[in-house]
2 protein chains.
Amino acid sequence: MSQMLQIYDQLREMILSLDLGPGERMTERWLEARFQGSRTPVRAALARLEGEGLVQREGRAWIVAPIDLRELEALEEFREPLEAMAVRLACARAGEADVAAIEAMLDACQPGVKREEWHRVGTDFHVEIARLSGNPFLVRAIEGVMALLSRARWLEVWTEPSREQAWAEHRRILALIRQKRAEEAAAEAVRHVRDTRDRLLRSLNEDRRGLRARGFAVVGAGAGAGAR
Amino acid sequence: MSQMLQIYDQLREMILSLDLGPGERMTERWLEARFQGSRTPVRAALARLEGEGLVQREGRAWIVAPIDLRELEALEEFREPLEAMAVRLACARAGEADVAAIEAMLDACQPGVKREEWHRVGTDFHVEIARLSGNPFLVRAIEGVMALLSRARWLEVWTEPSREQAWAEHRRILALIRQKRAEEAAAEAVRHVRDTRDRLLRSLNEDRRGLRARGFAVVGAGAGAGAR
DNA sequence: ATTGGGAAATTGGGATACCAATATGGAATA
DNA sequence: TATTCCATATTGGTATCCCAATTTCCCAAT
């Protein structure tokens, strides 16, 4: 695999795992040393991550994209019609085997399974549904959205009942797809996105102070902006 | 402005204007000479265009993205819920002044106005509606979609009545936004996208032979794939 | 302790150098 | 004439190099 892709994957992982904090500054030369490649592949990787919105420019410098509550709100709003459409198309195009595979994914998450796994499956569920739609643009868009939501989902406080509710909604969506009840499935997907948004934003808003204390740049909605 | 952005803009324009044909091969060194910059900014520009889907890799080489009829179909499908959502949100958030500005744009297109202008306004209409939604992700997504549709729209045979129909639909959508009749506006947007898709795909399918003869790589739907 | 100013170090943007891999062209051969 | 095969040119990927623009940091003046 090309060095550029290796660096891209590693850096992306560091960002998504909060190994690099939101708002943190990076220099190309630091990355060059960190990943032992020259600046050329480093810059290519940065360019790609910038396109995904995981990295931004601050003047001439590079920063890990801060977590912006207003942006998260816009993302969930953007997601809503995508998820609805994905589910609608999945009803028309998915086979029983496809649905069963996703169901197995959900089933694998039981109390006791570790946090990372819940997090991954909670993301993949939506991507896999999008795949059932057969529309590559829908897949790409939902992948992008989930990546941008991912870090916030780590920071969210996951209570037992809220996790339970999310999974119940996932199951309900899947069941409706299986029965090919497209409009009900779409409506359920919209409900799920809205619930998710409410939980996420409420949690982050309440804990904003704590997040800042942990050194994360968290901006937007409610209090003053104060970019980094 | 940085050289990278200059090269990006110029190359993008060459692609969108069909100055570089779909499927055409480019070497980095040719671009370097063509735009008199070194490979560094050329490669950065290519990376960005690749992210937008206007440029692709073919093995190790770069090619202008071919026009893929199946992809266009998927794009219109993807667009549909975006446009509907944009229109719905515009109803909730747009002011009369915003609507009037877009109306003026439409009015500027009269018989006799040149093709480029119709083409541009036909694109900008959708982007501007998305802007009224206030959601930057919706704007970016629709910009991206319209860019990918743009070349096909040049190739489409625009008959007088079809152009008339498109503008009538634009006006109807705008009127419903003005009256804040969100659901009717969304339904009209969906209808418009579907009409557009039908016109576009019918036209291109009928003329596929002619397009190939003009040296364009046109793939997908109906006949054999035959990548490039 | 605070502030101002300026030299020095560092940074990102661009140009160039180098390399392995691939593509090309043409001569030798059938 | 058609085909094989190898020398050569070209290509994209990477590493460096150079430069102008910032940023950093130290020290003198307040």
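Student: What makes the pair A:R131 and A:E128 a salt bridge?

Tutor: The term asks for a side-chain nitrogen of Lys or Arg within 4 Å of a carboxyl oxygen of Asp or Glu. For A:R131 and A:E128, the closest N and O atoms are 3.3 Å apart, so the pair meets that rule. Keep in mind that this is a predicted model, where local features need pLDDT of at least 70 and side-chain atom pairs count only at pLDDT 80 or more, while totals for chains, interfaces and linings use all residues. Residues are numbered from 1 along each chain as its sequence is written, chains are lettered from A and ligands numbered from 1 in the order in which they are written, and side-chain values use heavy atoms, with hydrogens and water left out.

Student: Why is A:R131 called partly exposed?

Tutor: Buried means under 20% relative accessible area and exposed over 50%, with partly exposed in between (1.4 Å probe, protein chains only). A:R131 has 42%, and A:E128 has 25%, so both fall in the partly exposed range.

Student: What makes A:R178 and A:E96 a link between distant parts of the chain?

Tutor: In this salt bridge the closest N and O atoms are 2.9 Å apart. A:R178 lies in helix α8 (residues 160–178) of chain A and A:E96 in helix α5 (residues 96–107) of chain A, 82 residues apart. A:R178, at 30% relative accessible area, is partly exposed, and A:E96, at 44%, is partly exposed too.

Student: How many salt bridges are found over all chains, and how many across the interface of chain B and chain A?

Tutor: The search of the whole structure finds 42, and two lie across that interface. B:R93 forms a salt bridge with A:E77, their closest N and O atoms being 2.7 Å apart.

Student: How many residues does each chain bring to the contact?

Tutor: Chain B brings 18 residues and chain A brings 18 residues, where contact means heavy atoms within 4.5 Å. The area buried between the two chains is about 1,600 Å², of which carbon and sulfur atoms give 72%. Buried area is the accessible area (1.4 Å probe) that two parts lose on being put together, summed over both. In chain B, B:E77, B:F78 and B:F137 lose the most area to chain A, together 39% of what that side buries.

Conventions: Helix = DSSP H or I, 4+ residues; strand = E, 2+ residues; numbered from the N terminus.
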